[in-house]
Every structure is written in C-alpha cells, then in structure tokens.
Amino acid sequence: MTITQVIQNVEQMRSPTGEAELLISFINDLEWRIKREIIDNSEDGDGYPFFGYSSENDMNTELLAPPPYDEVYVQYCCYKMDLRENQIANANNSLERFENILDNLSRYWIRTHFPKQRSLLKSDIYGI
C-alpha cells in the first residue's frame with residue numbers, strides 16, 4: 001500500500017478531512033514503530049531502510065507492512081482521527097482493529113524472518 005492509498009482509504013471511511021499532512025504524520029509515526037518494534041528485531045531488518053515521511057516524499061512510496069497487513073495504516077489513521085474528533089466509541093473500535101492487525105503483522109514477521117541473534121555471554125551483558 002502506498003501513502004496515497006492510505007489517505008484515500010481513510011477519507012473513504014471517514015469524512016474527507018483535507019488534512020493530508022496530518023495523515024502523513026500518523027503514517028510516519030506508525031512506520032517508525034513497525035520498523036523499530038518488528039522489522040529491526042529480524043536478521044534482515046537492515047534491508048528495510050526507513051528515513052521518515054513528509055509531504056515532500058513521493059506519495060506512491062510503498063509502505064513497509066505487506067498485504068494483507070497494510071490495512072494497519074488505515075486503522076491507525078482512523079483511530080487517531082477519531083481521537084481528534086473526540087469520538088471515543090469509534091476510537092476504541094479502530095484501536096482494537098489496529099492492534100489486532102499489528103499483532104498479526106508481528107506474528108507474520110516472526111514466522112517469515114529469522115530473529116536477530118542476541119549474545120548470552122556475561123561479558124556482553126555486563127561489560128565484563
């Protein structure tokens with residue numbers, strides 16, 4: 001899914017906001033989280049570079065989460081928009097869907113990528 005597709009999907013689900021810059025910042029925040037918490041914990045995590053998004057980026061940039069887990073971006077943006085509009089019930093529903101998809105993405109990544117090898121030597125842990 002691309003940045004443009006996320007924005008279009010969010011605007012189909014919610015009334016058009018005209019706040020593309022805000023949605024891009026939400027996408028950026030989530031992409032950092034996915035990179036840091038999921039991708040960077042795999043051996044090949046460095047093969048998925050991410051330097052952040054802004055309105056100056058190519059809006060057709062492919063995001064890190066593969067289909068069908070790319071719906072995580074739409075749900076996260078809906079959650080953040082619902083919070084901004086003080087629609088707590090909708091925000092709770094969006095948050096639950098977001099967390100479910102993010103958990104599934106994490107499980108998929110663990111199944112399909114080798115985890116980073118951590119050292120278990122005392123000297124590495126305690127600096128001895």
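Is Glu 19 buried, partly exposed or exposed? Glu 19 is partly exposed, with a relative accessible area of 29%, where buried means under 20% relative accessible area, exposed over 50%, and partly exposed in between, for a 1.4 Å probe and protein chains only. The structure is a predicted model, in which local features need pLDDT of at least 70 and side-chain atom pairs count only at pLDDT 80 or more, while totals for chains, interfaces and linings use all residues. Residues are numbered from 1 along each chain as its sequence is written, and side-chain values use heavy atoms, with hydrogens and water left out.

Glu 19 forms a salt bridge with Arg 84, and the closest N and O atoms of this pair are 3.5 Å apart; a salt bridge here is a side-chain nitrogen of Lys or Arg within 4 Å of a carboxyl oxygen of Asp or Glu. The pair links distant parts of the chain, since Glu 19 sits in the loop between α1 and α2 and Arg 84 in helix α3, 65 residues apart. Helices are DSSP runs (H or I, at least four residues), numbered from the N terminus. Arg 84, at 53% relative accessibility, counts as exposed. Side chains of opposite charge can pair when their charged atoms come close.

The structure holds 6 salt bridges, and two others among them meet at Glu 37. Arg 33 pairs with Glu 37, with the closest N and O atoms 3.2 Å apart, and both residues lie in helix α2, 4 residues apart, which is about one turn of the helix. Arg 36 also forms a salt bridge with Glu 37, here with the closest N and O atoms 3.9 Å apart. Arg 33 is partly exposed at 30% relative accessibility, Glu 37 is likewise partly exposed at 42%, and Arg 36 counts as exposed at 51%. Through shared partners, these salt bridges join Arg 33, Arg 36 and Glu 37 into one network.

We turn now to the nonpolar core. The largest such core has 33 residues, of which Val 6, Ile 27, Ile 34, Val 72 and Tyr 73 touch the most other members; a nonpolar core is a set of buried Ala, Val, Leu, Ile, Met, Phe, Trp, Tyr and Cys residues joined through side-chain atoms within 4.5 Å. The elements that give two or more residues to this core are α1 (3-13), α2 (20-37), α3 (71-84) and α4 (88-112), and α3 gives the most, with 8 residues. Leaving aside neighbours within four places in sequence, Val 72 is in contact (heavy atoms within 4.5 Å) with Leu 30, Ile 34, Ala 65, Phe 98, Ile 101 and Leu 102.
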